[in-house]
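User: I have a new model open and want to talk through its fold. Can you take my questions as they come?
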Amino acid sequence: MSKTMIITDTCSDIPVEMVDKYDVEILATDFLINGKHFSEGIDFAHENFYEILPAESGTVKNFSIPAAVYLDRYKNAATCGFDGVIVICAGSTEFPMYNSAKEAATLFAEQNPTSDLKINVIATQNYSMTAGLLVIEAAKKADEGEDFNSLVEYIEKTKDEMKMIVDAFYVPKSINDFSKPWHKWLTLKNYHPFPTLSVTTSGASELPIIKGDHSAFDQYYAYCVEVLREKKPDYAIGYASRVKEARALSILLEEELGYPPVALYKLGAISSYGASKAAIALCYKDAE
């Protein structure tokens, strides 16, 4: 039976209770904030990210995971008898984690020329739990013994089916060069300052919602129902500070669809930094 290690990072926003069910290695993303280094999930939890990022002066200069961290995991996988390692990264090929994982794969091959360990690094072009849901699906298949090549093929095909509807994404005032790849689909268009977006691997499109209207939540809920009702896929609901709305959305969708979300989760540091403390998101798989 094939044995494949699945690795991701904290930008996938996977809640702990989901990770515990599967053999997934989640690496802590390091942030450089006001000249100090912080590791997500170690030095701070999702809930107190903004406590170390003061509203006026807080600036994220960089986020990354060193190649040495990935290299250590690859060596561990080889030692523990894994046939392969698949690194599933939230975001694009311009994200530093993707490049570190690729660099580590090259270093592993140079340092272990006789090793048969297969390594594949995949950028999902998705964010938050759209990437996280894909990681969980891959972990399930890996646990069932699916072979390495089939897993890679499945992930590459399925990543385009992962989608998100998010309310309150915006470009932070303190945006820096490091985050331009992540925001390029925002900066290229004249979005509402706090738009509601349908996000896919190919970009984002704004959904018309009357901001400030008392029924704005109802409008957002209607979009969520629209994308879920026919195919009834697994879905997750994420939030920054809007926990009451997220819970209300969870209850309403369960009543409407007949099944609950697989997760009601707190948006991670990169998600909440890019989407604002007022964000709420629906992540789902829109399979054909």
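Predicted model: local features only at pLDDT ≥ 70, side-chain atom pairs only at ≥ 80, totals over all residues.

User: How many bridges join strand 1 to strand 6, and which way do the strands run?
Analyst: Four bridges join them, and the two strands run parallel. Strand 1 covers residues 4–9 and strand 6 covers residues 84–89.

User: What holds strands of a sheet together in general?
Analyst: Backbone hydrogen bonds pair them, in either a parallel or an antiparallel way.

User: What is the strand order in the sheet of four strands?
Analyst: The order is 2-1-6-7. The sheet is open, and its pairing is parallel.

User: Which strands stand at the edges there?
Analyst: Strand 2 (24–27) and strand 7 (118–123). Each has a single partner strand, so one side of each is left without a neighbour in the sheet. On average, neighbouring strands of this sheet are turned by 20 degrees against each other, direction ignored.

User: Which strands does helix 2 lie across?
Analyst: Helix 2 lies across strand 1, strand 2, strand 6 and strand 7. It runs at about 165 degrees to strand 1.

User: And helix 4, what does it lie across in this sheet?
Analyst: Helix 4 (residues 129–143) lies across strand 1, strand 2 and strand 6. Its angle to strand 1 is about 165 degrees.

User: Now helix 2 against helix 3. At what angle do the axes cross?
Analyst: They cross at roughly 50 degrees, and the axes come within 8 Å. Helix 2 is residues 67–79 and helix 3 is residues 96–111. That angle makes helix 2 oblique to helix 3. The crossing is right-handed.

User: Which residues make the contact?
Analyst: From helix 2, they are Ala67, Tyr70, Leu71, Tyr74, Lys75 and Ala78. The helix 3 side includes Met97, Ala101, Leu107 and Phe108. By class, the contact has eleven nonpolar, two polar and two charged residues.

User: Switching topic. How many salt bridges does the structure hold?
Analyst: Eleven. One of the pairs is Arg73 with Glu25, whose closest N and O atoms are 2.8 Å apart. This pair links distant parts of the chain. Arg73 is in helix 2 and Glu25 is in strand 2, 48 residues apart.

User: What about the sheet of six strands, what is its order?
Analyst: The order is 10-9-8-13-11-12, in an open sheet with mixed pairing. Its edge strands are strand 10 (203–207) and strand 12 (263–266), each pairing on one side only. The twist averages 20 degrees from one strand to the next.

User: Do strand 11 and strand 13 pair in the parallel or antiparallel sense?
Analyst: Antiparallel, over five bridges. Strand 11 is residues 235–239 and strand 13 is residues 280–285. Tyr235 stands opposite Tyr284 in strand 13.

User: Which strands of that sheet does helix 4 touch?
Analyst: Helix 4 touches strand 8 (162–167), strand 11, strand 12 and strand 13. Its direction makes about 35 degrees with that of strand 13.

User: And helix 7?
Analyst: Helix 7 (residues 216–228) lies across strand 8, strand 9 (196–200), strand 10, strand 11 and strand 13. It runs at about 5 degrees to strand 13.

User: Last one. At what angle do helix 7 and helix 8 pack?
Analyst: About 40 degrees, with their axes 11 Å apart. That makes helix 7 oblique to helix 8. The crossing is right-handed. Phe217, Tyr220 and Tyr221 of helix 7 are among the contact residues, and so are Leu249, Leu252 and Leu253 of helix 8. The classes are eleven nonpolar, no polar and two charged residues.

How values were computed: Residues numbered from 1 in each chain as written. Heavy atoms only, no water. Axes fitted to C-alpha atoms, helices over the stretch in contact; angles between N-to-C directions. Parallel < 35°, antiparallel > 145°, perpendicular 65-115°, else oblique. Left-handed = near helix turned anticlockwise from the far one by under 90°. Contact = heavy atoms within 4.5 Å. Nonpolar A, V, L, I, M, F, W, Y, C, P; charged D, E, K, R; others polar. Pairing = 2+ DSSP bridges. Salt bridge = Lys/Arg side-chain N within 4 Å of Asp/Glu carboxyl O.
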